[in-house]
Amino acid sequence: MGPFDWLPRAPLEPLQLDWLNGVELAVLRLDRIDPLISGNKWFKLTEHLAQARDAGASGIISLGGAYSNHLHALAAAGKRFDFPTVGLLRGHAQDTPTVLDLKAFGMQLHWLGYGGYRARHEPGFWLPWHEQYPHLYPVPEGGGGLAGALGCGVLVEQARAQLGNLGWADYDAWWLAAGTGTTLAGLVLAEAGAHPVYGAMAVPDDHGVAQNVSDLVQGGYELLEASRSGFAKVDPVLLDFIERTEQACGMPLEPLYTGKALLALKQQIEAGRFAAGTRLIFLHTGGLQGRRGFNA
Ligand SMILES: Cc1ncc(COP(=O)(O)O)c(C=O)c1O
């Protein structure tokens with residue numbers, strides 16, 4: 001499989017919102033790189049795919065939930081670039097819009113139940129899957145780990161190359177949603193201390209984001225609670241914020257990651273964390289396909 005020379009370029013756009021209070025905000029729009037392989041997912045996959053190729057694998061096996069953005073992008077990439085994909089799914093068989101897409105993209109699915117999925121970190125979890133699919137390379141949940149982080153480093157280059165379009169000579173910090181913290185770690189590695197990276201955690205503390213990130217990088221970032229009482233928990237304030245943002249500037253958000261991250265930024269600006277004139281880059285990590293579950 002591969003090599004893959006598809007390196008999509010994300011546009012960096014200024015964002016005007018009435019709560020910025022003098023803070024200047026630009027968005028690196030990963031939601032706009034491709035209609036199917038959207039968001040941070042392709043960047044998180046590139047190094048895993050290179051490792052799979054080096055290992056002589058012919059395809060990828062990975063895991064996720066019934067709305068997983070990661071499995072969606074992986075399955076779409078498998079279809080587009082013609083490599084087989086297998087998805088191990090959390091819970092019991094159901095046809096969410098995401099799952100219907102996975103099937104249409106040709107991903108082979110196995111439902112692990114909830115207990116079976118919880119066992120994914122246990123030693124030996126992959127053994128039976130390796131026996132069943134010896135030619136497939138296992139990629140951890142969400143495309144995480146060091147390989148996932150390294151693939152995201154190029155985003156820093158992409159943003160810097162477009163600063164001139166905004167009339168910016170430099171910027172002060174990054175702001176993005178963190179689910180496993182892999183994308184954040186990739187930015188921190190690429191920044192190498194040049195600019196801090198703020199991660200708005202879309203999951204509660206016990207999901208281990210802090211540990212994941214500190215396993216990959218030392219310093220140069222800050223994690224903030226933004227899950228609003230739990231992963232995938234939505235509330236009227238959040239939904240109203242997403243709708244108002246879309247009306248105000250036309251940028252779509254979904255409620256699990258990007259909506260929570262931008263709302264957390266608004267709250268921090270209101271609390272006075274950033275002085276007027278601070279220049280921030282918000283990383284739009286995509287995930288809009290997962291929004292269909294909420295619309296339904
Ligand atoms: C849309 C979206 N944004 C952000 C994230 C978080 O990325 P990471 O797991 O690298 O922290 C994810 C996935 O986990 C996602 O699907």
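At what angle do helix α6 and helix α9 pack, and how far apart are their axes? In this predicted model, where local features need pLDDT of at least 70, side-chain atom pairs count only at pLDDT 80 or more, and totals for chains, interfaces and linings use all residues, helix α6 (residues 145-152) packs against helix α9 (residues 182-191) at about 55°, with the axes 7 Å apart. Residues are numbered from 1 along each chain as its sequence is written, and side-chain values use heavy atoms, with hydrogens and water left out. Helices (H or I, at least four residues) and strands (E, at least two) are DSSP runs numbered from the N terminus; axes are lines fitted to C-alpha atoms, for helices over the stretch in contact, and angles run from 0 to 180 degrees between N-to-C directions.

Helices α6 and α9 are therefore oblique to each other, given that angles under 35 degrees count as roughly parallel, over 145 as roughly antiparallel, 65 to 115 as roughly perpendicular and the rest as oblique. In α6, G145, L146, G148, A149, L150 and C152 meet T182, T183, A185, G186, L187 and L189 of α9 (contact: heavy atoms within 4.5 Å). This contact comprises 7 nonpolar, 5 polar and no charged residues; Ala, Val, Leu, Ile, Met, Phe, Trp, Tyr, Cys and Pro count as nonpolar, Asp, Glu, Lys and Arg as charged, and the others, Gly among them, as polar.

L71, H72, A75 and K79 of α2 meet T98, D101, L102 and A104 of α3, a contact of 4 nonpolar, 2 polar and 2 charged residues.

The model also contains an open sheet of 6 strands with mixed pairing, in the order β1-β2-β10-β7-β8-β9 (two strands pair if DSSP finds at least two bridges between them). Strands β1 (12-15) and β9 (221-225) stand at the edges with a single partner strand each, so one side of each lacks a neighbour in the sheet. Neighbouring strands are turned by 25° against each other on average, direction ignored. Strands β7 (residues 173-178) and β10 (residues 279-284) run parallel and are joined by 3 bridges; W175 has F282 in β10 as its bridge partner. Helix α10 (residues 209-216) packs on the sheet, touching β7, β8 (197-201) and β9, and its direction makes about 170° with that of β9.
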